[in-house]
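Open the structure in your viewer and keep the sequence beside it. The stops below say what to select next and what is there.

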Amino acid sequence: MNAQNGWESAKKFFERIGRRNMVIAGAVLLIGAAVVMNWVFFTDSDKNDGFDYNASAGMSTDYGTTMGTTAVGDDAKPSGTNPTDSYFASVEVSRQRARDEALEVLNAVVENDKATEDVKAEALAEIQVIAKEMSQEANIESLLMGKGFAQCIAVISGGNANIVVQNDGALQAAQLAQINAVVYEQAGIEPANITIVQKD
């Protein structure tokens, strides 16, 4: 009898929440997980960040040097390749995979006949945000490589930008200013919200 009452209570609870809200909550959780996965590649909470906040909003010249490509994913290039190349390739693949998964969920919401128009509109708005961020990231990467950086990865999320560049020698003040200017021009993100990381 108690089990039956418990089942009825649970059933009423989910009916009150509604399918619409459950779909929204699931989509938000998946997108949040994708953003967290991207952020994990650019932070290391176990170590002092080493940022020189006078030089930039966040520059660390040793970021990623202790991280092997196998920790990023199983898409690393063969061991004969340059570890830096493998790092950039692995992060790019992981970033794209996280975005693809988020877009797949959002597209499923849009195509769901049972979803309300409000839910579909929210999902479409989130798809547009992701598409805009992807375009901004691609533009930033292209422009920075055009300015002499061998490789670049940009991750934009929630008004923040994480930029990893490959550079010989320590980044100079003029280079940091260049990076900040490109990110601001392409995404409107202030230097205080830009983290610049150097990968040798």
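Start at Phe 88, which at 2% relative accessibility counts as buried; buried means under 20% relative accessible area, exposed over 50%, and partly exposed in between, with a 1.4 Å probe and protein chains only. This is a predicted model, in which local features need pLDDT of at least 70, side-chain atom pairs count only at pLDDT 80 or more, and totals for chains, interfaces and linings use all residues. Residues are numbered from 1 along each chain as its sequence is written, and side-chain values use heavy atoms, with hydrogens and water left out.

Rings of Phe, Tyr and Trp (its six-membered ring) pair if their centres lie within 6.5 Å; planes under 30 degrees apart count as stacked, over 60 as edge-to-face and the rest as tilted. That rule gives one aromatic pair. The ring centres of Tyr 87 and Phe 88 are 5.5 Å apart and the planes stand at 85°, so the pair is edge-to-face.

Next, select Lys 199. Its charged end sits over the ring of Tyr 87, 4.6 Å from the centre; this requires NZ of Lys or CZ of Arg within 6 Å of the ring centre and within 35 degrees of the ring normal.

Now show the whole chain as a cartoon. The protein has five helices and four strands, where helices (H or I, at least four residues) and strands (E, at least two) are DSSP runs numbered from the N terminus. The order from the N terminus is α-β-α-α-α-β-β-α-β. Of its 200 residues, 35% count as buried.

Select helix α4 (residues 117-146) and helix α5 (residues 173-187): their axes come within 9 Å and cross at roughly 145°. Axes are lines fitted to C-alpha atoms, for helices over the stretch in contact, and angles run from 0 to 180 degrees between N-to-C directions. In α4, Gln 136, Asn 139, Ile 140, Leu 143 and Leu 144 meet Ile 179, Val 182, Val 183, Gln 186 and Ala 187 of α5.

Stay in helix α4 and pick Glu 141. Is Glu 141 buried or exposed? Glu 141 is buried, with a relative accessible area of 10%. Apart from neighbours within four places in sequence, Glu 141 is in contact (heavy atoms within 4.5 Å) with Arg 95, Cys 152, Ile 153 and Ala 154. Finally, select Val 155: its C-alpha is 9.8 Å from that of Glu 141, and the two are 14 residues apart in sequence.
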